[in-house]
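Colleague: Hi! Could you walk me through this model when you have a minute?
Modeller: Happy to, here it is.

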Amino acid sequence: MSQDDKAAALPLAGLKVVEFTHMVMGPTVGMVLGDLGADVVKVEPVGGDNTRRLLGSGAGYFPMYGRNKRSLSVDLKSPEGKQVALDLIDKADVLIENFRPGAMDALGFGEEAVKARNPGLIYCSAKGFLSGPYEHRAALDEVAQMMGGLAYMTGPPGRPLRAGASVIDVIGGLFGVIGVLAALIQRGTLGRGQTVKSALFENCVFLVGQHMAQYVVTGTAARPMPVRISAWAVYDQFQTKDEQTVFAGVVTDGQWAGFCKAFGLDDFAADETLARNNGRVQARDRIIPRVQELFRTFTKAELLARLEEIGLPFAPINRPEDLFDDAHLAASGGLLDLHLPDDQRLIRLPALPVEIDGHRPALQHDLAKPGQHTTDVLSELGYDRSRIADLLARGLVVQAEG
């Protein structure tokens, strides 16, 4: 099957998406739709999205969430540039934006204005908060984690700690995708598009919902994860003989029996008070020191091999950079080959974590230079060569070289 045939076979092939986004949450919506086959056009200002130039922890935002998109670089503050964007929106199925409240209205691309032109449009806004008293506040991933209880649950008592990745931004993007797909399905019966709104704060609250439910069920507030009472007795990190760390868990009664047999823990196996999970949790102070002592007799490699052999949940403690060499990711198409737009260095980054009919969604469009597809997009909108040349000459649109 050719690359074109593979693209045509993707679930969202033929769907037209226009993206006005920056940072992480909005770009995540576009990336996922693009990975699934949609034609995503990222509208960038002249000079490109500032996300491309972030340093430190932000240096990975554009490479990770910018793939499978075409880039149109246009001056949206000019009448001609605004018309280009409106022409693009008129032919789109989905519009994605994640700018501060009111920004799209100020540009002339607010929800009411563009849906009056294109009633079938799905208008997806990725924001800090859903409708309510907080909706006009600015928010970031970290703000949501602090407000939504996740930072409290992640850090030790008295030391709230944000999660080690932009989980709220990314999950906010995923909820946006869910809403877009639902609205597209319903467009067939309603005969019109809808507005989809996803937000940082509410999706963070959704994530800690299990801890809220725990309080309701038990009457006791959930403790931060580093000091929680685990639901299982063996569910922890352990040191090995070669001073490495391995996580291991025993989460069913059947796993407990197999664990005891494999590691020669005959006395534990014969103890009826440990045969059921809750009994083991109550005896955790007796079990854990024994397991710690046992695991210290194995090297990391030996312990991992033994745990895999008996079918227990286990994990080495990897760093993000270790994943480039992960055998499973390498063999399963879990990493995609991309090229950085500036210097064309080859990089490998995670693919969409789903399989459809046994296949992982692949790369359709490499990371684009700002404006790399400007003339192609304008031609598809019906602009003739002279009109495109005039816009380019006046700096109202930009076509990247190469």
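Modeller: One term before we start: accessible areas come from the Shrake-Rupley method with a 1.4 Å probe, and for residues only the protein chains shown count as cover. By that method, the accessible surface of the protein comes to about 20,900 Å², with 55% of it belonging to carbon and sulfur atoms.

Colleague: Thanks. What should I keep in mind about the source?
Modeller: This is a predicted model, in which local features need pLDDT of at least 70 and side-chain atom pairs count only at pLDDT 80 or more, while totals for chains, interfaces and linings use all residues. Residues are numbered from 1 along each chain as its sequence is written, and side-chain values use heavy atoms, with hydrogens and water left out.

Colleague: How many helices and strands does the protein have?
Modeller: There are 19 helices and 12 strands. Both are DSSP runs numbered from the N terminus: helices are H or I with at least four residues, strands are E with at least two.

Colleague: And which domains are assigned?
Modeller: Domain 1 covers 16-208 + 333-398, and domain 2 covers 230-318. Those bounds come from an automatic or database domain assignment. Taken over C-alpha atoms, the two centres are 44 Å apart. The C-alpha atoms of the protein fill a box of roughly 85 × 50 × 40 Å along the principal axes.

Colleague: What share of the residues is buried?
Modeller: 42% of the 402 residues. Buried means under 20% relative accessible area, exposed means over 50%, and partly exposed is in between (1.4 Å probe, protein chains only).

Colleague: Let's look at V17. Where is it, and what does it touch?
Modeller: V17 sits in strand β1 (residues 16-20). Leaving out residues up to four places away in sequence, V17 touches L33, A38, D39, V40, V41, V94 and I96; contact here means heavy atoms within 4.5 Å.

Colleague: Why does V17 count as buried?
Modeller: Because its relative accessibility is 3%.

Colleague: Switching to D141, is that one buried or exposed?
Modeller: D141 is buried, at 4% relative accessibility, and is found in helix α7. Its side chain makes a polar contact of 2.5 Å with the side chain of Q145. A polar contact is a pair of N or O atoms within 3.5 Å; within protein, one must be able to donate a hydrogen and the other to accept it, and residues adjacent in sequence count only if both atoms are side-chain atoms.

Colleague: Which backbone nitrogen lies 2.8 Å from a polar atom of the D141 side chain?
Modeller: That of D169. D169 is also one of the residues that D141 touches, along with others including R162 and L200.

Colleague: Last one: where is T240?
Modeller: T240 is in the loop between β7 (234-239) and β8 (245-250). T240 is buried, because its relative accessible area is 0%. Its side chain joins that of D242 through a polar contact of 2.6 Å. Further along the sequence, T240 touches residues including V246, F295 and L303.
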